[in-house]
Amino acid sequence: MSGTGPVEPGEGTHVRETTPRARRRPGRPRGRLGRLHARHRRAVRATVAALAVLAVGGYLYAGRPQEQPPPPAPAPPYPSQAVDLVYLDPVAGPGDAPAGDFSFAVLLSVRSGPPVTVTRVTQPYAGLSATSAPAAPFQTKSHSALKIIVTLRVTECEKAPRNPGLPFLDVTLRNTRAIEEHSFILGTRYAGHLSQALQVACGNVSR
């Protein structure tokens, strides 16, 4: 037979498919280029992870409860507010004291605060001088007491009081807070004993 037309496949033959196959994805680069690519990728991942850790740590640090600073320690009391000075008794009776001298005991107590140092003991009258044993300066610790012997000596009878009403001692006190000069009124017993001592010392002196 002769003629034209499509060629029919014969028995046992197949027509090849002309549809293009799906392209394969390019594989990972191999060799030196592949190693370089993998190294950079690991470095990027490590950097991202480190930044994430820093960000979380910074957030937690900023959000942590703030510690309150401890309150400042209260200031110690002024020495005059922490000290008591109490008259005890004459060391020698007013009639037995040496001529012109009057010695008596007082008790100095420190109630609270730091130790208190007595730097000076004196009295207000021009005709009398004052000394103490122990001699100033001396220190007394907190919550303790110290017995002090004070001796008044008549230096000028004309200037010494004959009948002091409420005589007092001037005591200079020092602690870590301040230095103060404080006047302690020792009461009527001290006034009576001092008056007797002055009468003995200056009884024959006319004014």
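A disulfide is a pair of cysteine sulfur atoms within 2.5 Å. In this predicted model, Cys157 and Cys202 meet that cut-off, with an S to S distance of 1.9 Å. The structure holds 1 disulfide. The link of Cys157 and Cys202 is left-handed, with -75° about the S-S bond.

**Overall layout**

The chain has 3 helices and 8 strands. From the N terminus on, the order is α-α-β-β-β-β-β-β-β-β-α. Of the 207 residues, 29% count as buried. Among contacts in the chain with a separation of 6 or more, 69% come from residues 24 or more positions apart.

**Helix α3**

Helix α3 has 15 residues. From its first C-alpha to its last, α3 reaches 21 Å, close to the 21 Å expected at 1.5 Å a residue. Its buried residues are Tyr190, Ala191, His193, Leu194, Ser195, Ala197, Leu198 and Cys202. What covers them includes β1, β2, β4 (128–133), β6 and β7.

Ser195 is one of the buried residues of α3. Its relative accessible area is 10%, so Ser195 falls under the 20% limit for buried. Leaving out residues up to four places away in sequence, Ser195 touches Arg162, Asn163 and Pro164.

**The nonpolar core**

In soluble globular proteins, nonpolar side chains tend to be buried together. Here the largest nonpolar core has 30 residues. Phe104, Leu152, Leu186 and Tyr190 touch the most other members. The elements that give two or more residues to this core are β1, β2, β3 (116–122), β4, β6, β7 and α3.

Leu186 shows what such a position contacts. Beyond its neighbours within four places in sequence, Leu186 is in contact with Leu85, Tyr87, Phe104, Val106, Pro167 and Leu169.

**Aromatic rings**

A search of the whole structure finds 4 aromatic pairs. Two of them are set out below.

| Pair | Centre to centre | Angle between planes | Class |
|---|---|---|---|
| Tyr87 and Phe104 | 5.7 Å | 50° | tilted |
| Phe102 and Phe104 | 5.3 Å | 35° | tilted |

The pair of Tyr87 and Phe104 links distant parts of the chain. Tyr87 is in strand β1 (residues 83–90) and Phe104 is in strand β2 (residues 101–110), 17 residues apart. Tyr87 is at 7%, so it qualifies. Phe104 qualifies because its relative accessibility is 0%. Phe102, at 2%, is therefore buried too.

Ring pairs link Tyr87, Phe102, Phe104 and Tyr190 into a cluster. Two members of that cluster, Phe104 and Tyr190, are also among the core residues that touch the most other members. Tyr190 is one of the buried residues of α3.

The charged end of Arg177 sits over the ring of Tyr78, 4.0 Å from the ring centre.

**Two buried threonines**

Thr117 is in strand β3. Its relative accessible area is 8%, so Thr117 counts as buried. Which residues is Thr117 in contact with, leaving aside its neighbours within four places in sequence? They are Pro137, Phe138, Gln139, Thr172, Leu173 and Arg174. Thr117 and Arg174 are 57 residues apart in sequence. In space, Thr117 and Arg174 are 5.1 Å apart, C-alpha to C-alpha.

Thr140 is in strand β5 (residues 138–140). With a relative accessible area of 2%, Thr140 is buried. Not counting residues up to four places away in sequence, Thr140 touches Leu108, Val110, Pro115, Val116, Ala145 and Leu146.

Note on methods:
Residues numbered from 1 in each chain as written. Predicted model: local features only at pLDDT ≥ 70, side-chain atom pairs only at ≥ 80, totals over all residues. Heavy atoms only, no water. Phe/Tyr/Trp six-rings, centres within 6.5 Å; stacked < 30°, edge-to-face > 60°. Helix = DSSP H or I, 4+ residues; strand = E, 2+ residues; numbered from the N terminus. Buried < 20%, exposed > 50% of the residue type's maximum accessible area, 1.4 Å probe, protein only. Lys NZ or Arg CZ within 6 Å of the ring centre and 35° of its normal. Contact = heavy atoms within 4.5 Å. Expected span 1.5 Å × (residues − 1). Core = buried A, V, L, I, M, F, W, Y, C linked by side-chain atoms within 4.5 Å.
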